[in-house]
Amino acid sequence: MKLYLEKLVPYSLKDKITLGSSDIWNQSIALNDGELIKIEAPSGTGKTTLTHLLYKVRTDYSGSIKYDNLELSKCDKDALADLRQNYISIVFQDLRLFPDLSARENIEIKRLLTPQFSTKEIIVEMTDQLGVSSILDRKVRFCSLGEQQRIAIIRALIQPFNWLILDEPFSHLDQENIIRAATLIDSACKKRNAGLIIMGLNKDNYFNYNRELIL
Amino acid sequence: MLNQLLKKLIRNSAGQAKFALAVIGLSIAILLILSAVQLQSNYYELLNGKKNQDSIANFLVVNKSLTDQNVGASSLSLSQLNDLKKQPFTESIGTLTASRFKASIQSNSALFPFYTDIAFESVPAEFIDVNTKDWHWDEHSSSLPIIVPNQFLDFYNFQYSFSQNLPQLTPQVVKMVSFKVTLQGSGQTFSLNGRVVGFSNRISSMLVPQNFMDWANTKFSATNSFQQPSRVIIKTKDPGNPALTNYLKKEGLITDLDKTRFSRYRQVVDFVVNISSITGFLMFTFALLIFSLFIQLTISSCKEEIELLILIGNSPKSIGRFLMKRFFPPNVLIVLIGLLVITIAQYFLADYLIGKQIILTPIISWLTIFGAVLLLIVLAIVNYYTIQKYLRLQQLTK
């Protein structure tokens, strides 16, 4: 599934964006199947805005976002639900977990949308890998930010996807945990031949990026 | 499993007290509406049912008011009959056929001798208030069934028997007495046995089956031609209806004025039914409002959860379905309980009324069941639209 961005300009950043200063805003670019893309962006340049636009959390923009032939702005609620269940997965910067559900339930509620894709055991496997098995039955409200971040990553990886969008996914993790998470994410993308868009403040080498873009 | 998690997320945040209030309101409303429907259908059953000996439907025997001008010409014309049939208050109309031959009855027993000349009338069976299996006659029948006005028996028992020093007779005894009926006319005489099979409060004539009357009139009548009836019986829902009274007056017709008192029953039933349905519908409306409010409160208090559910890939439709599954089953339960209560009440009502010689079906009417289904449909629609509306609103204000 290719992702096309055509002259994309969010209304909120209209005044800030000057022609040619960004690789993405107000440009025409195509992101290919299976590409690992790093989007580097200093604070205030619209990382989270871009994440939200790509996932259709917000629609206040000019230009167009297309997944293959699907124009995101014209996508109705059912099609959007299908897109989010089967084609695009995300880790929000603010994680967006249900605080009153346990870590396991937070992952499970996502897994049950596409139960044929992954089994319950996979949750345990992944939490083992990321070192959060012990907090699986703890309410998310009582988990540390680092634990919550890893739960959010697992939740994103439990579903089928063609694109995985990560908005500063490792901000609360130490180096060791970042490497574990990156390995898990990388293998999940490879398994699906899916593309990865990861937003970050600085350069990094957590993945073998095909492209590094400046926002 | 997903539903269990959703249940955990979308709690009754609007509070159990409000929910209980809505449930109580809806239960009372549904009970009132369904009992109004059942009462109305019971009333119609009594009005139109053929099972009841003396139903509260009103039958009026109508004839021309005899004056100096119309003496000897008291028959009702075809156009008058058709006009009467067309009137909105007329449910059905039956003609009373008078015998056009001489007849007498005579005792078969020397112990209880009597002889009298007599005349018969006949009327279609559905207008007769006596329900007996003996009410049939054909040319091979051994005896002729006769229905006698109750007033005749009263007259005999409380006046005649005293004056003649004769024993009083119970209806059962009268029914056992067989007597000889002799018909005369067109130079022929014919005798057969007769027997009283019942007593009528409705028609003050000696009644014989219609087919007997037709046969005898053809055979013994001096004038063989068809004659217009002088009296008809009409079935009407409300003899107190002013339109009926005015019509009869205008056409120079008279009827049993005392019958109008039966219209009181109707007024009472109508009053009860109306009050019950109006209160029921008012309460139903309020209960619907409370339920809608409840749904609205639940959705808005779970705004963030619903938003997040949609964000992680649930479709608003599936959340709507979940909410429907959450809110609608209590409604179904309430309606079912309402139906059950009405069913039990109907059973006991029928049981009680049977002691009063009023036969009512102990099973609730299909109209009541239909009413319950209709209420459920209304509830489902209101639930569905409230859920859709607030889910949509919530997404718009996101």
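Modeller: Leu60(B) counts as buried because it has 22 C-beta neighbours inside 10 Å. The cut-offs are these: 20 or more other C-beta atoms within 10 Å of a residue's own make it buried, 12 or fewer make it exposed, and anything in between is partly exposed, with C-beta atoms placed from the backbone. The model is predicted, with local features requiring pLDDT of at least 70 and side-chain atom pairs pLDDT 80 or more, while totals for chains, interfaces and linings use all residues. Residues are numbered from 1 along each chain as its sequence is written, and chains are lettered from A and ligands numbered from 1 in the order in which they are written.

Leu60(B) belongs to strand 1 of chain B, residues 58-64. Helices (H or I, at least four residues) and strands (E, at least two) are DSSP runs, numbered from the N terminus. The C-alpha atom of Leu60(B) is 5.4 Å from that of Ile233(B), although 173 residues separate the two along the chain. For chain B as a whole, 80% of the contacts with a separation of 6 or more are between residues 24 or more positions apart; a contact here means C-beta atoms, placed from the backbone, within 7 Å. Chain B has 398 residues, of which 30% count as buried, and it contains 11 helices and 10 strands.

Helix 9 of chain B, residues 303-311, has Glu305(B), Ile306(B), Leu309(B) and Ile310(B) buried. These four cover an arc of only 135° around the axis, so they lie on the same side of helix 9 of chain B. The arc is taken from the directions that run from the helix axis to the C-beta atoms. In general, an α-helix has 3.6 residues a turn, so residues three or four places apart point the same way. After helix 9 of chain B comes Gly313(B), with a positive phi near 115°.

Now the contact with the other chain. In total, 14 residues of chain B are in contact with 15 residues of chain A. On the chain A side, helix 2 (77-86) and helix 3 (103-111) are the elements that give two or more residues. Helix 2 of chain A provides the largest share, 5 residues. By class, this side of chain A has 7 nonpolar, 1 polar and 7 charged residues. Nonpolar covers Ala, Val, Leu, Ile, Met, Phe, Trp, Tyr, Cys and Pro; charged covers Asp, Glu, Lys and Arg; the others, Gly among them, are polar.

Chain A itself has 6 helices and 9 strands. Of its 215 residues, 41% count as buried. Strand 8 of chain A, residues 195-200, is mostly covered, with 5 of its 6 residues buried. Strand 3 (residues 36-40) of chain A runs parallel to strand 8 of chain A and is joined to it by 5 bridges; strands pair if DSSP finds at least two bridges between them. Glu40(A) has Gly200(A) as its bridge partner in strand 8 of chain A. Strand 7 (residues 163-167) of chain A also pairs with strand 8 of chain A, in the parallel sense over 5 bridges. There, Leu166(A) is partnered by Ile198(A). Between strand 7 and strand 8 of chain A the chain passes through helix 6 (residues 175-192) of chain A, in a right-handed β-α-β crossover. Right-handed means that, with the strands pointing away from the viewer, the path from the first strand over the helix to the second runs clockwise.

Strand 3 of chain A is mostly covered too, with 4 of its 5 residues buried. Strand 3 of chain A pairs in the parallel sense with strand 9 (residues 211-214) of chain A over 4 bridges, where Ile37(A) has Arg211(A) as bridge partner.

Last, the cores. The largest nonpolar core has 56 residues, and Ile151(A), Ile154(A), Leu164(A) and Ile165(A) have the most contacts inside it. Such a core is a set of buried Ala, Val, Leu, Ile, Met, Phe, Trp, Tyr and Cys residues joined through C-beta atoms within 7 Å. Helix 5 (residues 145-157) of chain A gives the most to this core, 6 residues. Leaving out residues up to four places away in sequence, Ile165(A) touches Thr51(A), Leu54(A), Tyr55(A), Ile88(A), Ile90(A) and Ile197(A). Apart from this core lies another of 44 residues, including Leu288(B), Phe291(B), Leu309(B) and Val335(B).

Conventions: Two residues are in contact if their C-beta atoms, placed from the backbone, lie within 7 Å.
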